[in-house]
Amino acid sequence: MKKKVLLMGNLVLNLWDCGGQEAFMENYFASQRDNIFRNVEVLIYVFDVESRELEKDMHYYQTCLEAILQNSPSAKIFCLIHKMDLVQEDQRDIVFRDREDDLVRLSKPLQCACFKTSIWDETLYKAWSSIMYQLIPNVQELETNLARFAEIINADEVLLFEKATFLVISHNERRKHKDIHRFEKISNIIKQFKLSCSKVAASFQSMEVRNNCFAAFIEVFTSNTYVMVIMSDTSIPSELTLINIRNARKHFEKLEKLDKNRLNAGRQWRV
Amino acid sequence: MFKLVNMKYILTIKDFFNVQNHKQKSSKQMESHEGFGVSVGSMPKAAFSYHGEDDDQIATVLSSDVKPRILLMGLRRSGKSSIQKVVFHKMSPNETLFLESTAKIFKDDVSNNSFINFQIWDIPGQVDFLDTNFDLDMIFGGTGALIFVVDAQDEYIDALTCLHQTVSKAYRVNPQIRFEIFIHKVDGLSDDHKIETQRDISQRANEELHEAGLTDLHLSFYLTSIYDHSIFEAFSKVVQKLIPQLSTLENLLSSYVQNSMVEKAFLFDVVSKIYIATDGSAVDMQSYELCCEMIDVMIDMTCIYGDDESECACEQDSTCIIRLNNSSILYLREITRFLVLVCILRDEAFTKRGIIDYNILCLQKAIHSVFDVRTKLNKPNGVLPVEGMNSIGHLANSTNA
């Protein structure tokens, strides 16, 4: 099953969802091999953590890697150990470490990044954010500009989300935060809320959460992104921060347009 | 200043908490469960107050023996412990798969994190405790509501028999108990099937009661599931019946809504997402769900970015504003440590934010004084003069401004 996903306005992801049944798998490696494995930028391989046929899974995975090595050796490889919610919470880390070690070993000479995921919590967003991060061309430039922006408005933290998926594509923290998983948690929180909104046939435009120790603002930013600003100086009135965001918007829109022109006629990525 | 609210409700509080003094049978029959939460054995030392802003000073006369109780009963595997965990302990419904069978009566005192000043007793389903030497007088005597959980995905004939036995016994001990039947696990059923099941169960239950001659016994039925908001909605209704100040709160909210051009307002208990009062207009399930989601967003964000020292419950002066693309705004304001006001209003109405905020301030003071009155119960001359509902008479009217 093939799907075209438009991200960031000019990034077209060709997403090929390859069914996992044996018949398909045999087909991929035989007749369809060149067709499927050529010009691949990213390979995402999903493992079911509850699978009873580990040997077989590994065999198929390795066959994939061989095909990749032959046809698209520079592709980036991501392995998702999926359905982790079915494992007892205290076992999850151990099980994941185990699988990760195996996969890293088996993937040599290619390198793979492993993630434990579940559709029921934020771990899936972490995996996808990392994948996205690899795909966005001007990430460095975005980060420099965000740093400048955060500095000017005296924010603790500024995050940039991709509009459709709400994955964190860039961030700047001026003040250390202890929770390293907060990005995917926030993606999860907002996605959940978006889902509820869709049930009443609406979608959210902006959000402000504040109390006496912090203020968080989520606003539409450019045509393809949302921004989240965290302020710990609560004496600054909300309106001030919102004006700053509004003014920064123009600057970042310009950045995106510049980038669009640079990437001639929209480069197509095979995922 | 705020005049006091209708005295009718003060008298109701007194009646409601006027529990007969029952003989305490030996404690080995009712051991508390050390499991997940608070172990309630003897009387807790901390003040278990009606959590208002001055909750440190407010101490009630109630000891743990006479604290109002909600009993969760039903056959084994009907879903009682899961309900309790999901509603009061923020457990994700998926995690309830890992819960073990309840072995002993688990007395959960939720008033530490919640406005709800009740104990929830989770009675194990496999124990036919009506036959053993449990002190039924003591159990039922101090109970405000009995929730009987029926598994709608299973054969419910046995459940109905057990329901009838339990309800008749409880009624005989304490006719004041409110009986609430949760027709549970309906997430797997189609809408038609749900309605049919409810009709069938209610018909059979009421018939049995009629045959037994208990015509005064009233049963309420709710279709619930832990996988959506129906369980919170049902619990909201159950709890509302037990709060004596409900009408007062409803009147306050109605007055606020009219004066502030707000479409809908809910008074939520933050932790459990049970709404303890709303204004007079009808409750639309979708609006309620949206408000619940908003509370989740607020709490989750506060947990990540808020202060470390305080727990991830409501902080001081929490505010949340969410703008939707259909010109609606969701506005959340903290009222007390455990209660929040959630309003749904239009874009245009929000331009008069100053007035809305002033009205909320008045509302906040009024709600505090409603609960302050309870402490005056302890005075010997108890009864205060009956006053009209003019505690928020001077709410600013945003239509005139």
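This is a predicted model: local features need pLDDT of at least 70, side-chain atom pairs count only at pLDDT 80 or more; totals for chains, interfaces and linings use all residues.

Student: Let us begin with chain B. How many helices and strands are there in chain B?
Tutor: Chain B contains 10 helices and 11 strands.

Student: And what share of the residues in chain B is buried?
Tutor: Of its 401 residues, 56% are buried.

Student: Which residues have the most contacts inside the largest nonpolar core?
Tutor: That core has 95 residues, and the ones with the most contacts inside it include A:Phe193, A:Phe204, B:Phe235 and B:Tyr256. Helix 8 of chain B, residues 285-305, gives the most to this core, namely 12 residues.

Student: What does A:Phe193 touch, leaving out residues up to four places away in sequence?
Tutor: Among its contacts are A:Phe204 and A:Met207 in chain A, as well as B:Leu290, B:Met294 and B:Ile322 in chain B. Another core, of 32 residues, lies apart from the largest one; B:Leu71 and B:Phe221 are among its members.

Student: Changing topic: in what order do the strands of the open sheet in chain A come?
Tutor: The order is 3-4-5, and the pairing is parallel. Strand 3 (42-48) and strand 5 (112-116) are at the edges; each has a single partner strand, so one side of each lacks a neighbour in the sheet. On average, neighbouring strands are turned by 20° against each other, direction ignored.

Student: How many bridges join strand 4 and strand 5 of chain A?
Tutor: Strand 4, residues 76-82, pairs with strand 5 over five bridges. In one of the pairings, A:Cys79 has A:Cys114 of strand 5 as its bridge partner.

Student: Which strands does helix 3 of chain A touch?
Tutor: Helix 3 (residues 54-71) packs on the sheet and touches strand 3, strand 4 and strand 5, with its direction at about 175° to that of strand 3. Helix 5 of chain A, residues 123-135, also lies across strand 3, strand 4 and strand 5, and runs at about 175° to strand 4.

Student: Back to chain B, then. At what angle do the axes of helix 7 and helix 10 cross?
Tutor: They cross at roughly 170° and come within 10 Å.

Student: Why are they called roughly antiparallel?
Tutor: Angles over 145 degrees count as roughly antiparallel, and helix 7 and helix 10 of chain B are therefore described in that way. The residues that meet include B:Leu249, B:Leu252 and B:Tyr256 from helix 7, and B:Ile356, B:Leu363 and B:Phe371 from helix 10.

Conventions. Residues are numbered from 1 along each chain as its sequence is written. Chains are lettered from A and ligands numbered from 1 in the order in which they are written. Side-chain values use heavy atoms; hydrogens and water are left out. A nonpolar core is a set of buried Ala, Val, Leu, Ile, Met, Phe, Trp, Tyr and Cys residues joined through side-chain atoms within 4.5 Å. Buried means under 20% relative accessible area, exposed over 50%, partly exposed in between (1.4 Å probe, protein chains only). Helices (H or I, at least four residues) and strands (E, at least two) are DSSP runs, numbered from the N terminus. Contact means heavy atoms within 4.5 Å. Two strands pair if DSSP finds at least two bridges between them. Axes are lines fitted to C-alpha atoms, for helices over the stretch in contact, and angles run from 0 to 180 degrees between N-to-C directions. Angles under 35 degrees count as roughly parallel, over 145 as roughly antiparallel, 65 to 115 as roughly perpendicular and the rest as oblique.
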